[in-house]
Amino acid sequence: MSQIPQLLNGNRLSHDAVSDNGWYSRGPGSHCQIFDDFIGTGALPTTAHNGFVSHDGDDGSSAHVFSDEACGAYKLLTSNHSSTKEIAVMGNAVIRADKKPIFEARVSITESGTRTNDVVIIGLVNARNDATDSITHHALFKMTGANNNILVETDDNTTDTDDKDTGSDWVSTTYYKFKIDMSDLDAIQFFIDDVNVTPETMKMSAASSTLLLPIVEVQASTGQIHQANVDYISVVWER
């Protein structure tokens with residue numbers, strides 16, 4: 001039998017807690033959370049929706065569907081095509097940058113043949129854009145080109161800190177937990193599997209009330225195929 005009630009003299013125990021293992025217990029009155037474990041069948045909607053949606057910039061032959069793997073996942077798989085294609089899973093732009101958001105996603109990338117100009121982004125943006133470098137406000141993990149480097153970048157439309165190498169590389173089909181802590185906009189922190197990999201000062205000091213959305217996107221160039229599986233996406237921020 002628990003002794004907590006006796007120790008508290010019958011008073012109610014109330015606390016805020018955050019676990020690095022991915023669950024959050026913060027009073028709903030003080031914090032908001034977006035979360036999806038992507039357990040389901042078929043595909044997410046591609047139009048405005050109260051939750052996550054798919055963006056399909058392909059000719060319809062790419063796959064963006066729920067995977068049947070254990071615990072669920074959402075598969076983003078570009079087709080073999082004749083022009084650059086983009087597919088993404090994304091939420092709504094409701095997250096204020098100055099409300100100390102903490103983004104987390106568990107994602108695997110699958111290597112498939114030539115990928116010279118392929119791009120994968122994971123993180124928070126004010127709006128998606130086919131040209132990822134044209135996104136005006138963002139904090140992102142980024143994988144691009146034929147190497148396996150994991151890069152990070154931030155931009156608040158004033159200071160653009162672009163393509164900084166974390167020193168970590170991704171391995172095909174391996175899941176990684178990507179976390180971005182924006183509790184301090186002057187010192188944004190990036191984590192891979194709970195290890196701080198922030199390469200230098202990363203900031204979005206001028207973002208203030210900018211609204212952000214969570215996103216994982218895959219882009220593949222002409223004739224190339226690329227895939228990412230998204231196990232879950234979570235963002236917690238102050239109300």
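## Cavity, cores and one aspartate

The residues that line the largest cavity divide into 4 nonpolar, 4 polar and 2 charged. This is a predicted model, and it holds 1 cavity of 30 Å³ or more. The largest cavity has a volume of about 40 Å³, and of its 10 lining residues, those closest to the centre are Met 143, Thr 144, Gly 145, Trp 170 and His 226. The elements that give two or more residues to this lining are β10 (119–125) and β11 (137–144).

In soluble globular proteins, nonpolar side chains tend to be buried together.

| Core | Size | Members, among others |
|---|---|---|
| Largest nonpolar core | 45 residues | Val 89, Ile 122, Phe 141, Met 182 |
| Second, separate core | 10 residues | Met 90, Val 119, Leu 140, Leu 213 |

In the largest core, Val 89, Ile 122, Phe 141 and Met 182 are the residues that touch the most other members, while the largest share of this core, 5 residues, comes from strand β18 (residues 227–238).

Finally, consider Asp 169, which is found in strand β13 (residues 160–169). Is Asp 169 buried, exposed or partly exposed? Asp 169 counts as partly exposed because its relative accessibility is 45%, a value between the limits of 20% and 50%. Leaving aside residues up to four places away in sequence, Asp 169 touches Asn 148, Asn 149, Ile 150 and Tyr 176. The C-alpha atoms of Asp 169 and Met 143 are separated by 9.2 Å, with the two residues 26 apart along the chain.

Technical notes
Residues are numbered from 1 along each chain as its sequence is written. This is a predicted model: local features need pLDDT of at least 70, side-chain atom pairs count only at pLDDT 80 or more; totals for chains, interfaces and linings use all residues. Side-chain values use heavy atoms; hydrogens and water are left out. A nonpolar core is a set of buried Ala, Val, Leu, Ile, Met, Phe, Trp, Tyr and Cys residues joined through side-chain atoms within 4.5 Å. Buried means under 20% relative accessible area, exposed over 50%, partly exposed in between (1.4 Å probe, protein chains only). Helices (H or I, at least four residues) and strands (E, at least two) are DSSP runs, numbered from the N terminus. Contact means heavy atoms within 4.5 Å. On a 1 Å grid over the protein atoms alone, a cavity is a set of points where a 1.4 Å probe fits but cannot get out, and a pocket is an open set with protein on both sides within 12 Å along at least five of seven lines; lining residues have an atom within 4 Å of a point. Grid points are joined across faces, edges and corners, and a volume is the space filled by probe spheres set on the points. Ala, Val, Leu, Ile, Met, Phe, Trp, Tyr, Cys and Pro count as nonpolar, Asp, Glu, Lys and Arg as charged, and the others, Gly among them, as polar.
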